[in-house]
Each structure stands twice: as C-alpha cells, then as structure tokens.
Amino acid sequence: MTRVYLDHNASAPLKPAVKAAMVQAMDLAGNPSSVHGFGRAVRRAVEEARAQVAALAGVRPVQTVFTGSGTEANNLALRGFPGRRVVTSAIEHDSVLEAVSGGARIPVDRNGVVDLAALDRRLADGDGPALVSLMLANNETGVIQPVAEAARIAHAHGALLHCDAVQAAGRLPVDLGALGADLLTLSAHKIGGPAGVGALILADGLELDALVRGGGQEKRRRAGTENVVGIAGFGTAARLAREELPGTVRLTALRDDLEARALAAVPGARVMGAGAPRVGNTSNLLLPGVAGETQVMALDLAGVAVSAGSACSSGKVKPSHVLAAMGEDTGDAACAIRVSLGWDSGGEAVERFVAAYAAMAARLARAPAA
Ligand code: PLP
C-alpha cells in the first residue's frame with residue numbers, strides 16, 4: 001500500500017531542488033566567518049540564501065536573521081524587546097504563547113479571526129509600550145488573520161507588530177512592508193526546506209536584544225556558526241515558494257474538492273473556520289464524538305497521514321486551544337483532524353483520504369442528532 005502524506009503543516013517533504021542545493025553545500029569546507037578562500041566561498045552560499053529569503057519577505061538581505069527554527073525566531077522577536085509588554089492572539093502557535101509569561105491574549109470569533117476592536121481596547125489601556133504578535137495563517141485551521149489592519153492599530157498606539165508567517169509562506173504573499181509588520185517569522189521546513197532553520201525578518205533599522213549570545217554572527221543578532229547546509233536549502237525553498245505562489249490555486253481546488261466530498265460522505269462532520277478566508281492547503285475537520293487522536297490512528301492504518309489538534313512533543317494530543325478559543329467545548333475541541341496538502345499532493349491523495357475518512361466515520365462516529 002502506498003502511503004499518502006497530508007501533513008504538510010507539520011513538515012513538508014523536501015523539494016528535490018532543495019535537496020540538490022543542500023548536497024552541493026555539503027561539499028563546501030570551512031566556516032563562513034573565516035577570511036580565507038574556503039570561508040569566503042561558504043559565506044557566498046549563506047549570503048545567496050539570505051538574498052533569496054529576503055526576497056520572499058520583500059526586504060533587503062541585511063534585514064534577515066537566520067535562526068535555528070521558526071520557534072527560535074518567534075522567541076527572538078518576543079523576547080528581543082524587554083521594555084515592551086507582549087500582546088498576542090489566543091490562537092497563536094505555542095512558540096509564541098510560551099515565549100513570554102503573562103502576555104495578554106486577544107480573543108477570536110467563531111471562525112477563528114482575531115477581534116481587532118478588542119486589540120484596540122487592550123492597546124489603549126495605557127500599560128506602556130507593547131509588542132503585538134499576530135500570525136498570518138493559523139497552523140490548525142488555515143484561517144488568515146487581518147495582519148495589516150492589526151499593524152495599523154498597533155502603530156497608532158506606538159506598538160510594534162510581529163507576524164508569525166510560518167504557515168503563510170508559500171501560500172500567501174509574506175511581504176513585510178505590505179503587511180505593515182515590524183518583524184516576521186519564517187521556517188524552512190513548512191515550504192519544502194529542511195527542519196532546523198528559520199529566519200526573523202526585521203524592519204529596516206530595527207534593533208533587538210539577541211537571545212543567543214557569543215560570537216558576532218548574524219550582525220550580533222544571533223550568535224553561533226551558521227547552519228550552512230540548512231540555510232542553503234532554505235534559500236532554494238524560499239525562491240521556489242515565491243516562484244510557485246500562483247500555483248497554489250491548484251491546491252485550493254483540491255482542498256475544496258476534498259472538503260465537499262468529505263462532508264457529503266460523513267454526516268455530522270464540520271469544517272472549522274469555513275466562514276473566514278483561509279489558506280488553500282489546509283482543512284480542519286471536526287467529527288463530534290470521535291477523538292482526533294483516534295481518527296489519526298484509524299487513517300494511518302489506512303495509509304493516510306494527517307494530524308490531530310496540536311501534537312505536543314510528548315506525542316500526546318491535548319484538546320486544541322485554537323478550537324477552544326473559537327468557542328468549541330473541550331469535548332469537541334479534541335475531535336478534529338487537520339488535513340494539509342502541499343507541493344506533492346494530487347487528486348489521488350484526495351480520493352484516498354475521502355475513502356479512508358468515510359470508512360473510519362462509518363465505524364466510529366455516533367449518528368448525528370435527528
Ligand atoms: N509557528 C507556526 C504557526 C507553526 O506552525 C510552527 C510549526 O509548527 C512554528 C511556528 C515553529 O516552527 P519550527 O518548527 O521551525 O520551530
């Protein structure tokens with residue numbers, strides 16, 4: 001049985017051109033900080049990749065700081081301004097929610113869109129300068145947040161705006177200037193690059209406190225010898241994400257077809273966030289009464305890989321804080337799965353998913369109330 005991978009939001013398979021760029025970078029010897037010819041060749045590879053990542057975010061290379069992950073970039077953004085109180089939305093990724101303790105959390109509506117009036121009120125309460133962190137696309141539902149409007153509100157109150165664009169890159173434009181953001185997080189492995197490399201994009205001239213201190217790498221903003229192979233892969237993945245953006249309409253059509261057929265086959269199933277704009281690759285399907293974890297295992301047995309809620313590093317699945325913030329009770333918030341398509345997904349994957357989902361539901365779901 002061939003296995004079907006529909007978990008791109010967890011990690012996308014490496015694109016072949018990315019792999020080729022990484023293999024090429026593996027042949028480079030030396031430290032990018034060394035001044036000899038070997039070092040300079042490695043430096044060129046890093047700077048070429050920096051220019052590619054910067055282009056994805058519409059900024060100059062000097063505004064791009066390579067980090068060890070999207071998580072680290074989020075931590076760098078949120079902890080880089082100790083004088084500012086942090087205000088986030090209730091549906092951020094844990095790498096934002098856990099980066100600082102005690103930050104304010106702005107609620108979302110039933111579709112999972114942040115309440116901008118509540119953000120405005122919170123920033124008006126005069127508690128000192130703030131840093132607002134709002135994601136562009138939610139990792140569980142794909143729901144797109146009104147980042148440009150939030151940035152206008154933040155700036156009107158003298159606040160900075162950080163945007164976690166990890167799940168938006170390659171699916172939407174992630175131009176720092178167009179979003180009005182001051183800081184933007186990217187991660188390579190969600191766009192067909194390798195895991196273990198991310199970037200924080202900074203507005204021109206914005207300075208922040210480094211989280212990792214040591215050598216003067218990354219213009220003193222992130223110490224440590226650069227992960228050259230990972231960065232080379234990230235650069236190519238970023239270039240492809242930009243070039244292939246128009247192709248995302250193909251995925252949206254596939255995803256819409258998947259949802260229409262899944263809902264037709266499984267009475268009682270619901271698409272979360274369906275009333276809001278969403279990125280085209282993500283579908284969050286809630287089936288009342290059947291734990292997401294159970295659904296994931298049943299689908300895995302049928303050879304189809306998806307995710308449930310937010311998987312903790314322990315592998316245990318907790319009820320989704322995103323669905324809870326959207327008003328689902330804790331029972332139902334544990335009954336959703338996330339199906340996420342990507343560059344290697346085709347019509348056959350949709351067929352396989354719908355057949356496996358219908359068979360699973362026929363065995364496990366309770367009959368919907370008449
Ligand atoms: N932000 C969002 C929205 C994510 O979905 C993820 C990963 O799941 C991250 C940040 C963290 O990125 P990384 O896995 O590179 O640490």
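Predicted model: local features only at pLDDT ≥ 70, side-chain atom pairs only at ≥ 80, totals over all residues.
A residue is called exposed when its relative accessible area is over 50%. Lys-219 lies in helix H8, which spans residues 217-220. Its relative accessible area is 58%, so Lys-219 is exposed. Arg-220 is also placed in helix H8, and with a relative accessibility of 62% Arg-220 counts as exposed. Most residues other than glycine have a negative phi. Lys-219, however, has a positive phi near 55°, and the phi of Arg-220, likewise not a glycine, is positive at about 65°.

Helix packing is considered next. Two packed helices are described by the angle between their axes and by the distance between those axes. Helix H1 (residues 16-26) packs with helix H9 (residues 228-243) at an angle of about 150°, and their axes are 8 Å apart. Angles over 145 degrees count as roughly antiparallel, so H1 is roughly antiparallel to H9. The crossing of H1 with H9 is right-handed. On the H1 side, the residues that meet H9 are Ala-17, Val-18, Ala-21, Met-22, Ala-25 and Met-26. Their partners in H9 include Val-228, Gly-230, Gly-233, Thr-236 and Leu-240. In the contact of H1 with H9, eleven residues are nonpolar, three are polar and none is charged.

Helix H2 (residues 37-57) also approaches H9: the two axes come within 8 Å and cross at roughly 30°. The crossing of H2 with H9 is left-handed. Residues of H2 in this contact include Val-42, Val-46, Gln-52 and Leu-56, while those of H9 include Ile-231, Phe-234, Arg-239 and Arg-242. By class, the contact of H2 with H9 has twelve nonpolar, three polar and two charged residues.

A further packed pair is formed by H5 and H6, whose axes come within 10 Å and cross at roughly 20°. Angles under 35 degrees count as roughly parallel, and H5 is therefore roughly parallel to H6. H5 passes H6 in a right-handed crossing. H5 contributes Leu-116, Leu-119, Asp-120 and Leu-123 to the contact, and H6 contributes Glu-149, Ala-150, Ile-153 and Ala-154. Six of the residues in the contact of H5 with H6 are nonpolar, two are charged and none is polar.

The two sides of H6 can also be described. In this helix (residues 147-156), the buried residues include Val-147, Ala-150, Ala-151, Ile-153 and Ala-154. These residues lie on the same side of H6 because they cover an arc of only 165° around the axis. The face turned away from the buried side carries Arg-152 and Ala-156, which are exposed. Among the elements that cover the buried residues of H6 are helix H5 (116-124), strand S5 (130-133), strand S6 (160-164) and helix H7 (176-179). After H6 comes Gly-158, with a positive phi near 75°.

Arg-105 is found in strand S4, residues 104-106. Its relative accessible area is 47%, so Arg-105 is partly exposed. Apart from neighbours within four places in sequence, Arg-105 is in contact with Thr-88, Ser-89, Ala-90 and Leu-97. Between Arg-105 and Leu-131 the separation is 26 residues in sequence and 12 Å in space, taken from C-alpha to C-alpha.

Notes: Residues numbered from 1 in each chain as written. Heavy atoms only, no water. Axes fitted to C-alpha atoms, helices over the stretch in contact; angles between N-to-C directions. Helix = DSSP H or I, 4+ residues; strand = E, 2+ residues; numbered from the N terminus. Parallel < 35°, antiparallel > 145°, perpendicular 65-115°, else oblique. Left-handed = near helix turned anticlockwise from the far one by under 90°. Contact = heavy atoms within 4.5 Å. Nonpolar A, V, L, I, M, F, W, Y, C, P; charged D, E, K, R; others polar. Buried < 20%, exposed > 50% of the residue type's maximum accessible area, 1.4 Å probe, protein only. Arc of directions from axis to C-beta.
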